[in-house]
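Work through the exercises below with the structure at hand. Each task is followed by a solution in steps.

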Amino acid sequence: MNDEDIWRQPADAVYEGLLARIGESNPQPRLAATRRAVELLGDPQRAYPVIHITGTNGKTSTSRIIDSILRAYGLKTGLLTSPHLSRFTERILIDGAPITDEALVRNWEDIEPYIAMTDAELEAAGDAPLSFFEALTVLAFACFADAPVDVVVLEVGIGGEWDSTNVADGQVAVFTPIALDHVGRLGSTIAEIARTKSGIIKPAASVVSAAQTPEALAELERAVELTESTFAVEGAQFALSEHRVAVGGQLISVRGAAGQYDEMFLPLYGAHQAQNAAVAIAAVEAFIGGGAQPLTTALVEEGLATVTSPGRLQLVGIEPSVIVDGAHNPHGAQALVASLDTFFDFDEIVAVVGILTDKDARGIVEALAPAVHHFNVTASSSERAIPVSELADDMVEWVDQDVVFQFDSVIDALDDARRWASDAPRRAVIVTGSITLVAEAIEIAADADWMSS
């Protein structure tokens, strides 16, 4: 048994312990608990500068592009992102790679007494102990300080204002497109959701935003004024000048806030990924040169060329083509459909779909319907997954019942979809609706080696 194997079981035990806490589907709208835990640890989140990212869609891809450009500059990065696809360690990346099991376990052992102390204080006051995401955030901050890293790219879990990551002070606050999502917790209008998300803007921060609806933009402008921050908005201070299809991705040109970056290869599909790259470049400009100095073209080129975004328009099978995409709201589903039309040449598509209970299932399905020949409805192993029969029954009300088929297992839904796609040329399979379903499909595809079929 090598050293990596020795640490695998203890690392999995850390994850199991975190899972025993209040889950991610029930985030605690509070900051005091996380603030107390990091205070006991000596505020590790202050050991490095932070680029803080929120929004409805594109957070993870934008975070990963920012991280990749920073690493091209020779900076050692920490990246906190969620959810994970295969293993929990994917959420805490050090210099572009998942944290090692050993580092995870050693850091958890170091902070566990302080986590327990915080839990005890909370329970004595009649409050719930630290939740899964609160404890994860504290662990990530400690891991980054221990590494140590030069800069942390910090993805919000949900919302912004009361998200546990907000105990950190981001010198750059980044906003990807804001749309309706998590309406039960963040607000019922885009303005309310934007107001909650704008809570990550700290005094005198550099704020960078993708193009937003007028109501979202107004909320961000208000927060920028109150905090005396600077504001770079896509379309005004920076823009995606051009993007066109290329083998394995696309070529993009970006007018940055401080420089022009032309004909850069981005190995990701979708116009939305080109937009994410434009936002990422503007964010790095804000971090490295205060938005006033152009970035080094060769380093931007290197950062973009080496970026990955697993589970986002990712090809996991050939003959037939199988594409997974973690779209889990209507906005994401619309971006997926647009990308399929622009970047691929399929005549007919079957969608393997599974959706979680707190999502706008109807909006997702109706966004997918114009591009989909038929739906194979299933459910991931997540306890939050909508039961197959319930989702299928609802879907026959939203689309033609003749195009809805249900499968009790993910693998059966995938096998049927691949058989159908193999029966005629230019057919393909897409797997979408939730990250949990995509994760299971990626694992199944890898085990069966669909990329070499």
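**Exercise 1.** Classify Asp43 as buried, partly exposed or exposed, and do likewise for its salt-bridge partner Arg46.

Solution. Asp43 has a relative accessible area of 25%. Buried means under 20% relative accessible area, exposed over 50%, and partly exposed in between (1.4 Å probe, protein chains only). Asp43 is therefore partly exposed. Arg46, at 55%, counts as exposed. The closest N and O atoms of the pair are 3.9 Å apart, and a salt bridge requires a side-chain nitrogen of Lys or Arg within 4 Å of a carboxyl oxygen of Asp or Glu. By this rule the count comes to 21 salt bridges.

The model is predicted: local features need pLDDT of at least 70, side-chain atom pairs count only at pLDDT 80 or more, and totals for chains, interfaces and linings use all residues. Residues are numbered from 1 along each chain as its sequence is written, and side-chain values use heavy atoms, with hydrogens and water left out.

**Exercise 2.** Find which parts of the chain the salt bridge between Asp12 and Arg87 ties together.

Solution. The closest N and O atoms of Asp12 and Arg87 are 2.6 Å apart. Asp12 lies in helix α1 (residues 3-19) and Arg87 in the loop between β2 (77-80) and β3 (92-94), so the bridge links parts that are 75 residues apart in sequence. Helices (H or I, at least four residues) and strands (E, at least two) are DSSP runs, numbered from the N terminus. Asp12 is partly exposed, at 31%.

**Exercise 3.** Locate Arg106 and Glu102, and state how many residues separate them.

Solution. Both residues lie in helix α4 (residues 101-124), four residues apart, about one turn of the helix. Arg106 is partly exposed at 42%, and Glu102 is partly exposed at 32%. Elsewhere, salt bridges with shared partners join Arg8, Asp12, Arg87 and Asp101 into one network.

**Exercise 4.** Describe the packing of helices α3 and α9.

Solution. Two packed helices are described by the angle between their axes and the distance between the axes. For α3 (residues 59-72) and α9 (residues 271-289), the angle is about 50° and the axes are 8 Å apart. Angles under 35 degrees count as roughly parallel, over 145 as roughly antiparallel, 65 to 115 as roughly perpendicular and the rest as oblique. The two helices are therefore oblique to each other. Residues in the contact (heavy atoms within 4.5 Å) include Ile65 and Ile69 of α3 and Ala280 and Val284 of α9.

Conventions
Axes fitted to C-alpha atoms, helices over the stretch in contact; angles between N-to-C directions.
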